Amino acid sequence: MITPRKRTVTVVRHEFAIDSPATQRDVQDTIVQAGQHMAAAGKDPSYDDAIIVEAHDDEIIAYWVEKVDAP
């Protein structure tokens, strides 16, 4: 039997939201802006899963997640 390891991970989710529905151009521009902010924070936005896009009823969110060192 294995013993699971418990851990707590603190993250900051950097979101860029636009109203839905949106044009393809608006979505692309939002993703580009998220990538620019990510790069400015010293993170590499070139990975295929660096920026995530979610669609909700009234908005589309592009975001990236940054781990925060625990105090």
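Select valine 27 first: setting aside neighbours within four places in sequence, it is in contact (heavy atoms within 4.5 Å) with Ile18, Ala22 and Ile60. Valine 27 has its place in helix H1. Helices here are DSSP runs of H or I with at least four residues, strands are runs of E with at least two, and both are numbered from the N terminus.

A quick word on what you're looking at. This is a predicted model, where local features need pLDDT of at least 70 and side-chain atom pairs count only at pLDDT 80 or more, while totals for chains, interfaces and linings use all residues. Residues are numbered from 1 along each chain as its sequence is written, and side-chain values use heavy atoms, with hydrogens and water left out.

Stay in helix H1 and click threonine 30. Is threonine 30 buried or exposed? It counts as buried because its relative accessibility is 9%; the cut-offs are under 20% for buried, over 50% for exposed, and partly exposed in between, using a 1.4 Å probe and protein chains only. Beyond its neighbours within four places in sequence, threonine 30 is in contact with Phe16, Ile18 and Ala62.

Next, select Phe16, Ala34, Met38, Ala50, Ile51, Ala62 and Trp64 together: these seven residues are the largest nonpolar core. Helix H1 (24–40) and strand S3 (59–68) each supply at least two residues of this core. A nonpolar core here means a set of buried Ala, Val, Leu, Ile, Met, Phe, Trp, Tyr and Cys residues joined through side-chain atoms within 4.5 Å. In soluble globular proteins, nonpolar side chains tend to be buried together.

Zoom in on methionine 38. Not counting residues up to four places away in sequence, methionine 38 touches Lys43, Asp44, Pro45, Ala50, Ile51 and Trp64.

Follow that list to proline 45, in the loop between H1 and strand S2 (52–55). With 30% relative accessibility, proline 45 counts as partly exposed. Leaving out residues up to four places away in sequence, proline 45 touches Gly35, Met38, Ala39, Ala50 and Ile51. For a distance check, pick isoleucine 31: it is 14 residues from proline 45 in sequence and 10 Å away in space, C-alpha to C-alpha.

In the loop between H1 and S2, select glycine 42. Glycine 42 counts as exposed because its relative accessibility is 65%.

Now go to proline 21, in the loop between strand S1 (10–19) and H1. Look at the peptide bond from serine 20 to proline 21: it is cis, with omega near 5 degrees.

Finally, zoom out to the whole chain. From the N terminus on, the elements run β-α-β-β, giving one helix and three strands. The C-alpha trace spans about 50 × 30 × 25 Å along its principal axes. Buried residues make up 17% of the 71 residues. Of the contacts with a separation of 6 or more, 58% come from residues 24 or more positions apart.
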